[in-house]
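Hello,

Here is the structure I promised to pass on. Have a look first, and my notes follow below.

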Amino acid sequence: MADRFRFANELRGYIDVGDEGRITDFGYCGGGVIGATTIGHGVSAITIPAIKLPDRQADPVATDWAVTFTQTVGGRTGAPMPRPVKHAPFIQYRAPIVWTTLQLTIRADSSHEGTMIGASGFPRHWLFDDTGSLVAKSSVAEYKQWMSDSFGRRTPWGDEDSPALMTHVESALERSLQDHIMRGDHKPDIRRVRQGRVLVEQGASSNEMYLLLNGVLVVEVDDAKIAELGPGAVFGERAVLEGSTRTATLRAVTDCKVAAIAVDRMDLDKLAELAGSHRREGAHG
């Protein structure tokens with residue numbers, strides 16, 4: 001009602017468990033909610049209701065001990081967005097479609113887990129658990145591809161879904177450092193790293209640290225994959241703080257966008273705290 005978000009996919013399910021500990025009944029509860037689009041400001045603003053597509057709830061996959069629910073929710077803004085596209089009919093007037101596909105498994109012992117298995121390429125999507133805590137987010141936001149492809153059969157209401165590449169959310173410390181990197185006195189150097197290319201090489205020297213803006217980087221130590229980094233991750237401080245070389249190689253899993261800044265422009269106490277959480281190669285050893 002307050003137009004605070006575009007849309008939400010609220011996936012909820014229930015199970016009934018009998019005296020023998022087996023699941024006897026189950027079903028969906030929950031669904032999609034979609035907001036509106038406000039154009040302009042003040043008295044000249046106009047609010048256009050969004051167009052919600054039918055929720056897609058797959059038949060639950062059930063055993064005596066667990067049930068898995070899968071739900072797709074989405075829609076598009078009611079405001080027209082005329083644009084050329086690369087597929088027939090080559091001109092689209094209606095807005096592209098946004099969606100997420102969530103999956104929830106509930107077990108007879110009351111344990112449960114949820115994940116996002118599909119999503120539109122734009123905007124970035126956020127995954128919350130049943131307590132309302134943010135636990136993951138989509139790693140890649142591809143506006144141009146979304147504008148060009150997300151209509152007709154190239155959506156879950158046609159023939160296709162798009163896999164969602166999810167990563168853990170950044171820490172509160174990283175969010176504080178993000179603000180300093182992007183809004184501080186020194187403008188960062190924005191770089192693009194193509195899929196498969198290396199951002200930093202293990203053993204190299206550098207006085208830079210980085211903020212990952214879009215995409216996924218894999219952390220490799222001695223050619224072994226030990227972690228993945230997603231948007232919001234701040235990294236690269238240890239090589240300078242500890243007077244040593246890079247402790248890991250960072251390779252692009254997808255096309256990436258990175259902000260680089262010299263370490264000497266950062267708060268050293270915060271960087272030392274950050275470095276304490278980045279000793280991944282110790283766990284690997």
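How many disulfides does a search of the whole structure find? It finds zero, taking a disulfide as a pair of cysteine sulfur atoms within 2.5 Å. As for individual cysteines, Cys 256 is buried at 4% relative accessible area, while Cys 29 is partly exposed at 36% (buried is under 20% relative accessible area, exposed over 50%, partly exposed in between, with a 1.4 Å probe and protein chains only).

Before the rest, a word on the source. This is a predicted model, where local features need pLDDT of at least 70 and side-chain atom pairs count only at pLDDT 80 or more, while totals for chains, interfaces and linings use all residues. Residues are numbered from 1 along each chain as its sequence is written, and side-chain values use heavy atoms, without hydrogens or water.

Helix H4 spans residues 268–276, and Leu 271, Leu 274 and Ala 275 are buried in it (helices are DSSP runs of H or I with at least four residues, strands runs of E with at least two, numbered from the N terminus). These three cover an arc of only 100° around the axis, so they lie on the same side of H4 (the arc is that of the directions from the helix axis to the C-beta atoms). Asp 269, Glu 273 and Gly 276 are exposed on the other side. Among the partners that the buried residues of H4 pack against are helix H2 (172–183) and strand S18 (208–214), with contact meaning heavy atoms within 4.5 Å.

Best wishes
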